[in-house]
Amino acid sequence: QMAELRKTAARHRQDVERWRTEWAEAGKAADGRRSAAMVVAAIGPSAKEAEPALAAIIKYDPIRSVRLAAENAMQQLHPESLKKLREEMGEQGESQPVR
């Protein structure tokens with residue numbers, strides 16, 4: 001029984017390490033998307049071509065801080081586009097779960 005318990009404990013440790021790695025990678029990816037949205041906002045109107053990508057982030061990104069950065073960028077680029085997007089999204093506002 002002890003050997004079986006050791007195997008189970010080892011599997012659990014491996015699972016925890018795998019989950020920790022996956023969450024770290026997801027966090028890095030979210031940081032990258034958030035940074036990209038902030039850069040677009042800083043560039044300003046000349047970055048108007050980024051509007052479709054920002055809209056996709058606002059609609060579908062699962063991480064709230066990333067969506068907020070994209071909203072800020074779109075607000076600075078073209079406030080009317082953000083208003084229209086929000087109207088299209090309707091009352092739901094935040095369609096994705098927040099992490």
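Select Met 74 to begin: leaving aside its neighbours within four places in sequence, Met 74 is in contact (heavy atoms within 4.5 Å) with Glu 51, Leu 54, Ala 55, Ile 58, Pro 79, Ser 81, Leu 82 and Leu 85. The model is a predicted one, in which local features need pLDDT of at least 70 and side-chain atom pairs count only at pLDDT 80 or more, while totals for chains, interfaces and linings use all residues. Residues are numbered from 1 along each chain as its sequence is written, and side-chain values use heavy atoms, with hydrogens and water left out.

Next, select helices α2 (residues 51–60) and α3 (residues 64–77), whose axes come within 8 Å and cross at roughly 145°; helices here are DSSP runs (H or I, at least four residues) numbered from the N terminus, and axes are lines fitted to C-alpha atoms over the stretch in contact, with angles from 0 to 180 degrees between N-to-C directions. Glu 51, Leu 54, Ala 55, Ile 57 and Ile 58 on the α2 side meet a set in α3 that includes Val 66, Arg 67, Ala 70 and Met 74.

Finally, select Ser 65, which lies in helix α3 and counts as partly exposed at 31% relative accessibility.

Terms used
Helices (H or I, at least four residues) and strands (E, at least two) are DSSP runs, numbered from the N terminus. Buried means under 20% relative accessible area, exposed over 50%, partly exposed in between (1.4 Å probe, protein chains only).
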